[in-house]
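Keep the viewer open as you read.

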Amino acid sequence: NLDTDYTAYVYNNTVYDCTMGYGTSGTSIAKNNIAFNNGDDYAGSFDSASDNNLGEDPAFAGDGNYVQTSQTAAQMFVDPGGSPPDFHILSTSDAYDAGTNLSLDPNLDFSDDLDGESRPQGTQWDIGADEKGCSPIGFDAASSATAENTNSLTWQHTVGTGGSDRILVVGVS
């Protein structure tokens, strides 16, 4: 006998290349999950609170914002064929910014991803276990000068020509 008297909360997971992605004999509330390259993506009874899940199969009952993807694994993930595979999502993935913020979820609130990195507050989350972060800030050069008992100070600094979204920070103390 299968126990069917329970509710499972399944949030921000990634299941890849399995016979069944997500399945239950009880009731599941599934939010922000990826099921990819599986026999069946979602099977069983999902509560109507389920939301923002992604898979290759057609939408399942209970998820009003299901994302059916036709992308390949290489279009979704960093290196799904690697050894070991890397299932961090790409910014071109259908999962990118397609989830819902669960930091105040009444059943299971959290605010980080599988790497322990914070998911953004007040904005859409990514679907799956990974939150695609911003690229780290690159540091190209520093320069400094000192002077005592003066009203002005001059120094030179050359800002690199590569990159985008650059910033120059100047501090005076």
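Start at Leu54. Leaving out residues up to four places away in sequence, Leu54 touches Asn33, Ile34, Ala35, Tyr42, Tyr66, Val67, Thr69, Met76, Asp94, Ala95 and Ile127, where a contact means heavy atoms within 4.5 Å. Before going further, a word on the ground rules: this is a predicted model, with local features needing pLDDT of at least 70 and side-chain atom pairs counting only at pLDDT 80 or more, while totals for chains, interfaces and linings use all residues. Residues are numbered from 1 along each chain as its sequence is written, and side-chain values use heavy atoms, with hydrogens and water left out.

A nonpolar core here is a set of buried Ala, Val, Leu, Ile, Met, Phe, Trp, Tyr and Cys residues joined through side-chain atoms within 4.5 Å; buried is under 20% relative accessible area, exposed over 50% and partly exposed in between, using a 1.4 Å probe and protein chains only.

Now for the rings. The whole structure holds 14 aromatic pairs, counting rings of Phe, Tyr and Trp (its six-membered ring) with centres within 6.5 Å; planes under 30 degrees apart are stacked, over 60 edge-to-face and the rest tilted. Why is the pair of Tyr42 and Tyr66 called edge-to-face? Because the ring centres are 5.9 Å apart and the planes stand at 85°. Tyr42 sits in strand β5 (residues 40-46) and Tyr66 in the loop between β6 (54-55) and β7 (67-68), so the pair ties together parts 24 residues apart in sequence. Tyr42 is buried at 12% relative accessibility, and Tyr66 is buried at 13%. Tyr66 also makes an edge-to-face pair with Phe60, at 5.6 Å centre to centre and 80° between the planes. Ring pairs link Tyr22, Tyr42, Phe46, Phe60 and Tyr66 into a cluster.

Next, the sheet. Four strands form an open sheet in the order β2-β4-β6-β7, with parallel pairing; strands pair if DSSP finds at least two bridges between them. β2 (14-16) and β7 are at the edges with a single partner strand each, so one side of each has no neighbour in the sheet. Between β2 and β4 there are three bridges, and Val15 stands opposite Ala35 in β4.

Finally, look at two buried polar residues. Lys31, in strand β3 (residues 20-31), is buried at 11% relative accessibility. Its side chain makes a 2.7 Å polar contact with the side chain of Asp105, meaning a pair of N or O atoms within 3.5 Å; within protein, one must be able to donate a hydrogen and the other to accept it, and residues adjacent in sequence count only if both atoms are side-chain atoms. Asn53, in the loop between β5 and β6, is buried at 0%. A polar atom of the Asn53 side chain lies 2.8 Å from the backbone oxygen of Ala30.
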